[in-house]
Amino acid sequence: MVRSRRDKIRMTTAIAHPNIALVKYWGKQNKTLNHPASPSVSITLDSLTTTTKVATSTETRLVLNGKRIEDLKVANFLDLFRQQFGLPPVSVETDNNFPTGAGLASSASGFAALVTALSEHFQLGLNLSTLSEWARRGSASSARSIYGGFVTLQGPDWRADQLAKESHWELEICIIVTNEGPKKISSTTGMKSSEATSPFYLEWIKTADSDFEIAKKAIVERDFMKLSEVAEQNCLKMHSVIHTSQPAISYWAPGTVSAMEQVREIRNAGTPAFFTMDAGPQVKVIYPRQCRAIIQKSLEELKNVRLIWASIGPGAHLV
Ligand code: DP6
């Protein structure tokens with residue numbers, strides 16, 4: 001195909017949002033296709049954004065938050081994608097409006113924005129399900145950021161699906177940022193270690209399907225108590241697997257534990273709220289919108305943290 005000069009400088013921009021899993025996966029059953037070992041369900045956030053611009057180029061070029069970077073995961077993904085569709089090299093510029101690689105799912109929004117921009121830039125016409133398949137190849141949690149609202153990721157095809165729209169349930173999220181720095185052990189590496197060494201790994205996998213079904217039902221029925229119980233326990237089970245890997249891994253910081261305690265106090269005082277943490281020290285608090293004033297007052301008492309507020313947001317889209 002002959003490409004004109006205009007085509008070379010044309011840029012295509014897409015936006016995607018990170019998602020937070022309420023029932024999580026931790027472990028892979030197929031490393032080539034990046035299939036998780038268990039199903040998960042998430043919410044997509046609105047106020048955190050990844051904006052990605054792609055342009056046809058003479059070589060692969062990656063720029064993250066204004067700085068040229070080398071990223072093997074993204075470079076390998078681009079090679080695979082270009083090979084599949086017979087595409088030329090691309091230049092990719094990505095900006096996150098939140099800390100990158102710190103357990104705030106920047107890889108989820110990153111690959112979702114990237115595949116959305118690539119499909120449009122090269123007029124591939126990929127539907128949402130196929131975009132989700134490609135996003136998962138980049139980073140499994142990214143499959144869910146293609147969709148907005150409440151999203152599931154399960155076998156046998158491991159493409160995400162929307163369980164309910166963002167308007168289904170007025171939940172909000174406060175992210176307690178306890179440490180802004182990037183994590184020391186990536187999720188991919190941490191998972192491999194847990195699979196191989198944690199004595200609790202098989203137990204974790206055994207209860208995954210039932211946690212997933214309970215969470216899905218709680219979301220459909222808007223049962224906050226049920227969702228709260230299953231999500232918090234699922235998160236603590238995952239971190240127990242992580243903590244009991246050998247050598248032990250911990251994604252928590254001292255502020256993580258104080259934030260969890262604060263959420264328990266909020267709940268003990270009668271306000272519905274629950275916490276969840278991913279592969280990083282940030283604590284995400286989920287609560288019904290009408291409780292925001294009480295939650296805000298209480299979380300603002302925490303020292304040395306930054307609070308980011310979000311609602312449930314849309315899927316990846318073009319600008
Ligand atoms: C704890 O999707 O970042 O957030 O596929 O290896 O890139 P890779 O892993 P990634 O792991 C996310 C793990 C998690 C749980 C979840 O999102 O379900």
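## Finding K24

Where is the place of K24? In this predicted model, K24 sits in the loop that runs between strands β2 (19-23) and β3 (28-30).

Is K24 buried or exposed? K24 counts as buried, because its relative accessibility is 2% and the cut-off for buried is under 20%.

## What K24 touches

Let's look at the side chain of K24. It reaches the backbone oxygen of A21 at 2.8 Å. The side chains of K24 and D278 are also joined, by a polar contact of 2.6 Å.

Leaving aside neighbours within four places in sequence, K24 is in contact with several residues, including S38, P39, S40 and W204.

## Around the ligand

Now turn to the ligand. There are 18 residues around the ligand, and Y25, K28, K73, S139 and S141 come nearest. This shell divides into seven nonpolar, six polar and five charged residues. Helix α6 (residues 187-197) gives the largest share of the shell, three residues.

Why does the ligand lie between domain 1 (5-167) and domain 2 (170-311)? Both domains give residues to the shell around the ligand, so the ligand lies between them.

## Atoms that meet the ligand

Oxygen atoms of the ligand pair up with N or O atoms of the protein. For the side chain of K73 the distance is 2.6 Å, and for the side chain of N34 it is 3.4 Å. With A140, a backbone N or O atom lies 2.7 Å from a ligand oxygen. Taken alone, the ligand exposes 460 Å², and the protein buries 94% of that.

Conventions
Residues numbered from 1 in each chain as written. Predicted model: local features only at pLDDT ≥ 70, side-chain atom pairs only at ≥ 80, totals over all residues. Heavy atoms only, no water. Near = heavy atom within 4 Å. Polar contact = N/O pair within 3.5 Å; in protein donor to acceptor, adjacent residues only side chain to side chain. Areas by Shrake-Rupley, 256 points an atom, 1.4 Å probe, with all protein chains shown as cover. Helix = DSSP H or I, 4+ residues; strand = E, 2+ residues; numbered from the N terminus. Nonpolar A, V, L, I, M, F, W, Y, C, P; charged D, E, K, R; others polar. Domains from an automatic or database assignment. Buried < 20%, exposed > 50% of the residue type's maximum accessible area, 1.4 Å probe, protein only. Contact = heavy atoms within 4.5 Å.
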